[in-house]
Amino acid sequence: MSAKSVPVESVFDARDDARQIISGSNALIEKIKARGVVISVSDDWSGIQDINERSRNSWFELLPRPASAPSFWLAATDATGDVVATQGAVLLDCMNTSFGERLGDLTAFHDEGRAPAGEWCFCASEAAFDTRGRVAFVVAGWVRPDWRGKGLFHPMASLMRLASWARWDVHWWAGLVDPETTSVWNAKGAGRRRLEPRPTILYHQNGVGRLPLHLLRFSRPAMVSDVAQMLGGYSTAA
């Protein structure tokens, strides 16, 4: 299967969902701005790669992404103009080939046939193989050390998920979490998600080595429920 762009069929399936997501995005932007930063969005992936390379003492090397896949990233910028936090997403077409299969054949990371020699990935996550449709591969979550603990990470991650929905009408959000950072995704504010308790994915990344990883996944109903709760409403996540 070739990694490719997916035409957006519609922005939202239901008007109620659209209203919730627009309202939720506005609420999150105001919450993040109250922390003393400005939010911006970029489609230039080289920008976040540059920040990652300059911040390697406080940030893992970014996972690769298929060069042909649509992507974007959010930046939080402080009063001096420095980027102090990021979140990113890559659109994967998993209509005919599940997210788990795309991990295994490396097309979640590279365009077909472009993976470096010796790179491989083993996936034993049943949930990953059940993840089909338009998938936002959530990546590049980072907060500069002096800004950690100030309430940026999870609001920005939520905003990124809502922006992915608005851009691509995705069915799922999926990510790979290093064992050292599972505590971040088990903390208050992470949202309704599935975080597998044990690493079920082993990725041998070129130049990095073997990475045991946990599957992280968010569903549409869970996102709608999170936004409803944020806005004071009620919804049940599937």
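Predicted model: local features only at pLDDT ≥ 70, side-chain atom pairs only at ≥ 80, totals over all residues.
Q: Which residues of helix 7 are buried, then?
A: In helix 7, these are Arg220, Ala222, Met223, Val224, Ser225, Asp226, Val227 and Ala228.

Q: And why is helix 7 described as largely enclosed?
A: Of its 11 residues, eight are buried, so the rest of the structure largely encloses helix 7.

Q: What is found at the start of helix 7?
A: There, Ser219 places a side-chain oxygen within 3.2 Å of the backbone nitrogen of Ala222.

Q: What follows helix 7?
A: Gly232 follows, and its phi is positive, near 90°.

Q: Changing topic to pockets: what is the volume of the largest pocket?
A: The volume of the largest pocket is about 870 Å³. Its lining comprises 35 residues, of which Trp59, Phe60, Gly141, Phe153 and Thr181 are the closest to the centre.

Q: Which elements supply at least two residues of that lining?
A: For the largest pocket, they are strand 5 (133-143), helix 5 (153-168), strand 6 (172-177), helix 6 (182-185) and strand 9 (209-219).

Q: Which of them gives the largest share?
A: Strand 5 does, with seven residues in the lining of the largest pocket.

Q: How does that lining divide by class?
A: The largest pocket is lined by 22 nonpolar, nine polar and four charged residues.

Q: And the second largest pocket, what is its volume?
A: The second largest pocket has about 430 Å³. Among the 20 residues lining it, Leu28, Lys31, Ser158, Gly189 and Met230 lie closest to the centre.

Q: What classes make up the lining of the second largest pocket?
A: Eight residues are nonpolar, six are polar and six are charged.

Q: Turning to the rings, how many aromatic pairs does the structure hold?
A: There are eight aromatic pairs in the structure. One aromatic cluster is formed by Phe99, Phe109, Phe137 and Tyr203.

Q: Where does the charged end of Arg167 sit?
A: It sits over the ring of Phe72, at 4.5 Å from the ring centre.

Q: And the charged end of Arg217, where does that sit?
A: The charged end of Arg217 is over the ring of Trp172, 4.0 Å from the centre of that ring.

Definitions and conventions:
Residues numbered from 1 in each chain as written. Heavy atoms only, no water. 1 Å grid on protein atoms, 1.4 Å probe; cavity = no way out; pocket = protein on both sides within 12 Å on 5 of 7 lines; lining within 4 Å. Points joined across faces, edges and corners; volume = space filled by probe spheres on them. Helix = DSSP H or I, 4+ residues; strand = E, 2+ residues; numbered from the N terminus. Nonpolar A, V, L, I, M, F, W, Y, C, P; charged D, E, K, R; others polar. Phe/Tyr/Trp six-rings, centres within 6.5 Å; stacked < 30°, edge-to-face > 60°. Lys NZ or Arg CZ within 6 Å of the ring centre and 35° of its normal. Buried < 20%, exposed > 50% of the residue type's maximum accessible area, 1.4 Å probe, protein only. Polar contact = N/O pair within 3.5 Å; in protein donor to acceptor, adjacent residues only side chain to side chain.
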